[in-house]
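Hello,

Please find the structure we discussed below, with the sequence alongside. My notes on what was found follow it.

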Amino acid sequence: MIRITVLGSPALPPHIRSGIFEGDGGCWWWTKSRSADGYGWASLDDKTHQAHRLVYTLLRGAPPEGKVLDHKCRVRHCVNPDHLEPVTNLENLRRSALTPAGMSVCAKGHPLGHNGHQRRCLVCHREYVEARREEKRAYCREWRQRRAAK
């Protein structure tokens, strides 16, 4: 990897610049803290921000109200503002590799629906919630029995 030298902008504090490296395809990889799902996290003024949103805001200004930043490159830890596009949450979901626009059914063949801002199989989700609820009930019954036996 080559350390990015084009980031000499005074808008980017040194501790932010030091966490960015140039990757493949023009991506600027965030190399510091990342969450389990791959998004980078950075701190500025005692607040923690998603790294891509922070860099975009510092270099381009805040995204429009009601918009999220879509990674056009599909690399979650990329912070290059040229690879980020403000879109609606619904458009971001449509573009997502997890729920492609052409996908209308889940792996089990159930139709996909919208649950709030998420696109998911409502039948499979309901089955999951019910199974989890029963597991929790069984655990609570066992716990009460162990406690009563003491």
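Glu134 and Arg137 both sit in helix H4, three residues apart, which is about one turn of the helix. Helices (H or I, at least four residues) and strands (E, at least two) are taken as DSSP runs and numbered from the N terminus. Note that this is a predicted model: local features need pLDDT of at least 70, side-chain atom pairs count only at pLDDT 80 or more, and totals for chains, interfaces and linings use all residues. Residues are numbered from 1 along each chain as its sequence is written, and side-chain values use heavy atoms, with hydrogens and water left out.

The side chains of Glu134 and Arg137 form a salt bridge, at 3.8 Å from N to O. The term stands for a side-chain nitrogen of Lys or Arg within 4 Å of a carboxyl oxygen of Asp or Glu. Glu134 has a relative accessible area of 38% and is partly exposed, and Arg137, at 44%, is partly exposed too. For accessibility, buried means under 20% relative accessible area, exposed means over 50%, and partly exposed is in between (1.4 Å probe, protein chains only). A network of salt bridges links Glu134 and Arg137 with Arg141.

Two further pairs belong with this one. Glu130 forms a salt bridge with Arg133, with 2.5 Å between the closest N and O atoms. Helix H4 covers residues 122-149, and because Glu130 and Arg133 are three residues apart in it, about one helical turn separates them. Both residues of the pair are partly exposed, Glu130 at 41% relative accessibility and Arg133 at 36%. In the other pair, Arg132 meets Glu135 in a salt bridge whose closest N and O atoms are 3.7 Å apart. Arg132 and Glu135 are also three residues apart in H4, about one turn of the helix. Arg132 is partly exposed, at 43%.

As background, an α-helix has 3.6 residues a turn, so residues three or four places apart point the same way. Side chains of opposite charge can pair when their charged atoms come close. The structure holds seven salt bridges in total.

**Chain overview**

The chain has four helices and nine strands. Read from the N terminus, the elements run β-α-β-β-β-β-α-β-β-α-β-β-α. Of the 150 residues in the chain, 27% are buried.

Contact here means heavy atoms within 4.5 Å. Among contacts with a separation of 6 or more, 30% join residues 24 or more positions apart.

Helix H2 spans residues 51-60, and its buried residues are Ala51, His52, Leu54, Val55 and Tyr56. Just after H2 comes Gly61, with a positive phi of about 100°.

**Loops and phi angles**

Most residues other than glycine have a negative phi. Which residue in the loop between strands E4 and E5 is listed here? Asp45 lies in that loop, between E4 (41-44) and E5 (47-50). Asp45 is not a glycine, yet has a positive phi of about 55°. At 68% relative accessibility, Asp45 is exposed.

Arg74, in the loop between E6 and E7, also has a positive phi, near 70°. Arg74 is partly exposed, with a relative accessible area of 42%.

His83 lies in the loop between strand E6 (68-71) and strand E7 (84-87). His83 counts as buried, at 15% relative accessibility. Apart from neighbours within four places in sequence, His83 is in contact with Gly25, Gly26, Cys27, Asp70, His71, Lys72, Cys73 and Cys78.

**Cysteines**

How many disulfides does the structure hold? The count is zero, where a disulfide is a pair of cysteine sulfur atoms within 2.5 Å. For Cys78, the closest cysteine sulfur is that of Cys27, at 3.8 Å, which is too far for a bond. Cys78 is buried, with a relative accessible area of 0%. For Cys106, the closest cysteine sulfur is in Cys121, 3.6 Å away and likewise too far for a bond. Cys106 is buried, at 13% relative accessibility.

Regards
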